[in-house]
Amino acid sequence: LELNGWISGSMLFYFKEGELYLVTSHGMAINYWDGTGHFVMYLFILDGIAQGQERRNLGLYWFGSIFNSMIVLLCGSVAGQFGSKVKPSYFLNVAFVAG
């Protein structure tokens with residue numbers, strides 16, 4: 001939301017000093033997908049757990065979605081225009097994908 005100018009001051013420092021590639025169009029799309037699609041899937045999975053239902057397929061879809069989006073984002077950030085400006089915060093995502 002900050003990249004579109006709807007809010008200000010919450011993530012600006014991180015976008016400038018942390019993960020610079022998140023200001024690209026693909027990075028913004030990943031942010032929106034993580035903030036909406038994955039959040040809704042979390043809620044459905046938690047609802048299923050609370051009701052004792054199996055939501056295995058949804059969990060696998062969530063995992064595949066987040067894993068593949070991270071792979072594309074990480075590879076694109078190294079190969080793209082910000083490849084020479086990789087900061088230590090980038091390696092937090094590498095650990096997330098590898099773990």
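1. A residue counts as buried when its relative accessible area is under 20%, as exposed when that area is over 50%, and as partly exposed in between. Y42, at 35% relative accessibility, therefore counts as partly exposed. The model discussed in this note is a predicted one, and the terms just given are used throughout.

2. The protein chain has four helices and zero strands. Read from the N terminus on, its elements follow the order α-α-α-α. Along the principal axes, the C-alpha atoms fill a box of roughly 45 × 30 × 20 Å. Of the 99 residues in the protein chain, 27% are buried.

3. The contacts of the chain may also be considered by their separation in sequence.

4. How do the axes of helix α2 and helix α3 cross? Helix α2 covers residues 25–51 and helix α3 covers residues 56–79; their axes come within 10 Å and cross at roughly 165°. Angles over 145 degrees count as roughly antiparallel, so α2 is roughly antiparallel to α3. The crossing in which α2 passes α3 is left-handed.

5. Which residues form the contact of α2 with α3? On the side of α2, the residues include H26, G27, I30, W33, D34 and H38, together with M41, Y42, F44 and I45. On the side of α3, they include L58, G59, Y61, W62 and S65, together with I66, S69, V72 and L73. By type, the residues of this contact divide into 12 nonpolar, six polar and one charged.

6. H38 has its place in helix α2. Is H38 buried or exposed? With a relative accessibility of 0%, H38 counts as buried. When residues up to four places away in sequence are left out, H38 touches W33, W62, S65, I66 and S69.

7. S65, one of the residues touched by H38, lies in helix α3. The relative accessible area of S65 is 16%, and S65 is therefore buried. In sequence S65 and H38 are 27 residues apart, while in space they are 8.3 Å apart, C-alpha to C-alpha. Again leaving out residues up to four places away in sequence, S65 touches W33 and H38.

8. How many aromatic pairs does the structure hold? The structure holds two aromatic pairs. In one of them, the ring centres of Y42 and W62 are 5.5 Å apart and the ring planes stand at 50°, so this pair is tilted. Because Y42 lies in helix α2 and W62 in helix α3, the pair ties together parts that are 20 residues apart in sequence.

9. F63 and F67 also form an aromatic pair, and this pair is stacked, with 5.5 Å centre to centre and 20° between the planes. Both F63 and F67 belong to helix α3, where they are four residues apart, or about one turn of the helix. F63 has a relative accessibility of 46% and so counts as partly exposed. F67 has a relative accessible area of 29% and is therefore partly exposed.

10. Two further residues complete the points of this note. R56 has its place in helix α3. R56 has 54% relative accessibility and so counts as exposed. R56 and L20 are 36 residues apart in sequence, and their C-alpha atoms are 35 Å apart in space.

11. Where is K85 found? K85 is in the loop between α3 and α4, the latter covering 90–98. At 45% relative accessibility, K85 counts as partly exposed. Between K85 and A95 there is a separation of 10 residues in sequence and 19 Å in space, C-alpha to C-alpha.

Key
Residues numbered from 1 in each chain as written. Predicted model: local features only at pLDDT ≥ 70, side-chain atom pairs only at ≥ 80, totals over all residues. Heavy atoms only, no water. Axes fitted to C-alpha atoms, helices over the stretch in contact; angles between N-to-C directions. Helix = DSSP H or I, 4+ residues; strand = E, 2+ residues; numbered from the N terminus. Parallel < 35°, antiparallel > 145°, perpendicular 65-115°, else oblique. Left-handed = near helix turned anticlockwise from the far one by under 90°. Contact = heavy atoms within 4.5 Å. Nonpolar A, V, L, I, M, F, W, Y, C, P; charged D, E, K, R; others polar. Phe/Tyr/Trp six-rings, centres within 6.5 Å; stacked < 30°, edge-to-face > 60°. Buried < 20%, exposed > 50% of the residue type's maximum accessible area, 1.4 Å probe, protein only.
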